[in-house]
Amino acid sequence: MKIALVAGSHRREAESARVAQYIQRELNTLGISDTYLFSLSANPLPLWDEEVWEGGEKWKTLWGPVSQQLKSAAAVVVVAPEWSGMAPAGLKNFFLLCSGDVLAHKPGLIVTVSASLGGSYPVDELRTSSYKNTRLCYIPDHVIVRNVGQMLRGDQAADEHDAALRKRITYSLRVLIEYAKALQAVRDSGVVDLKTFPYGM
Ligand SMILES: Cc1cc2nc3c(=O)[nH]c(=O)nc-3n(C[C@H](O)[C@H](O)[C@H](O)COP(=O)(O)O)c2cc1C
């Protein structure tokens with residue numbers, strides 16, 4: 001089983017990317033050796049434009065390889081920093097590009113990141129607004145990484161909060177893996193019809 005991770009910060013030295021790398025290593029520990037981490041650090045994708053619909057060369061080059069990797073994954077971990085109480089614009093742009101069967105009917109784990117005590121707003125935003133056309137199925141569990149600067153550094157937990165966070169991440173990934181197995185049956189059922197119903201209501 002392959003699991004994709006998206007690190008949703010545009011910053012070059014982003015904590016979200018570090019968190020995504022920690023989760024990638026934890027997936028390996030849980031037996032998922034096939035992972036794909038796509039980071040939005042330094043803005044690898046331009047803003048969506050109509051050429052996406054026309055299959056323009058720019059998009060074939062920039063988005064084609066990424067979408068192929070995502071298509072072959074059975075689940076996705078979305079790591080989103082809280083920026084001004086929101087998910088970053090680049091992450092929303094990413095979801096605009098994930099139409100069709102890229103993420104459809106695959107389970108998603110939301111992991112949000114805050115340098116302080118934020119992190120709940122992007123959970124709410126992603127659950128509200130990033131699933132309609134992508135058909136991404138967020139699992140009920142999510143993870144909020146607060147005080148990220150002190151968390152997930154090194155092999156050993158720094159304190160009880162770091163230890164609890166690590167346990168929460170491991171647990172949520174194990175749940176995600178079971179959803180990935182279960183939702184494969186939905187995608188294989190023949191019921192999903194994205195040609196007739198390409199967009200959610
Ligand atoms: C433009 C911008 C806006 C931010 N707004 C918030 C915020 O509303 N709430 C919060 O908890 N942290 C906020 N932060 C700080 C982030 O929590 C911090 O940068 C953290 O490391 C996660 O973002 P990163 O993955 O880009 O490093 C903001 C950071 C930036 C760059």
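How many bridges pair E3 and strand E4 (residues 107-113), and in which sense? Six bridges pair them, in the parallel sense.

This is a predicted model, in which local features need pLDDT of at least 70, side-chain atom pairs count only at pLDDT 80 or more, and totals for chains, interfaces and linings use all residues. Residues are numbered from 1 along each chain as its sequence is written.

**Overall fold**

The protein has seven helices and five strands. Helices (H or I, at least four residues) and strands (E, at least two) are DSSP runs, numbered from the N terminus. The elements follow the order β-α-β-α-α-α-β-α-β-α-β-α from the N terminus. The radius of gyration, taken over C-alpha atoms, is 16 Å, close to the 17 Å that the globule rule gives for 201 residues, so the protein is as compact as a globular protein of that length. That rule is 2.2 Å times the number of residues to the power 0.38. Of the 201 residues, 36% are buried. Buried means that 20 or more other C-beta atoms lie within 10 Å of the residue's own; exposed means 12 or fewer, partly exposed in between, with C-beta atoms placed from the backbone.

**Strand pairing**

Two strands pair if DSSP finds at least two bridges between them.

| E1 (residues 2-7) and E2 (residues 34-39) | parallel | six | Ala4 and Tyr36 |

E1, helix H1 (residues 15-29) and E2 form a right-handed β-α-β unit. E3, helix H5 (residues 89-97) and E4 form a right-handed unit of this kind too. Right-handed means that, with the strands pointing away from the viewer, the path from the first strand over the helix to the second runs clockwise.

**Strand E3**

Seven of the seven residues of E3 (residues 75-81) are buried, so the strand is largely enclosed by the rest of the structure. In a regular strand, side chains alternate between the two faces of the sheet. Both faces of E3 are covered. Ala75, Val77, Val79 and Pro81 lie on one side; Val76, Val78 and Ala80 lie on the other.

**Ligand shell**

The ligand is surrounded by 16 residues (C-beta atom, placed from the backbone, within 6 Å). The closest are Ser9, Ser16, Pro81, Ser114 and Gly118. Pro81 is also one of the buried residues of E3.

**An exposed loop residue**

Leu47 is found in the loop between E2 and helix H2 (51-54). Leu47 counts as exposed because it has 10 C-beta neighbours inside 10 Å.
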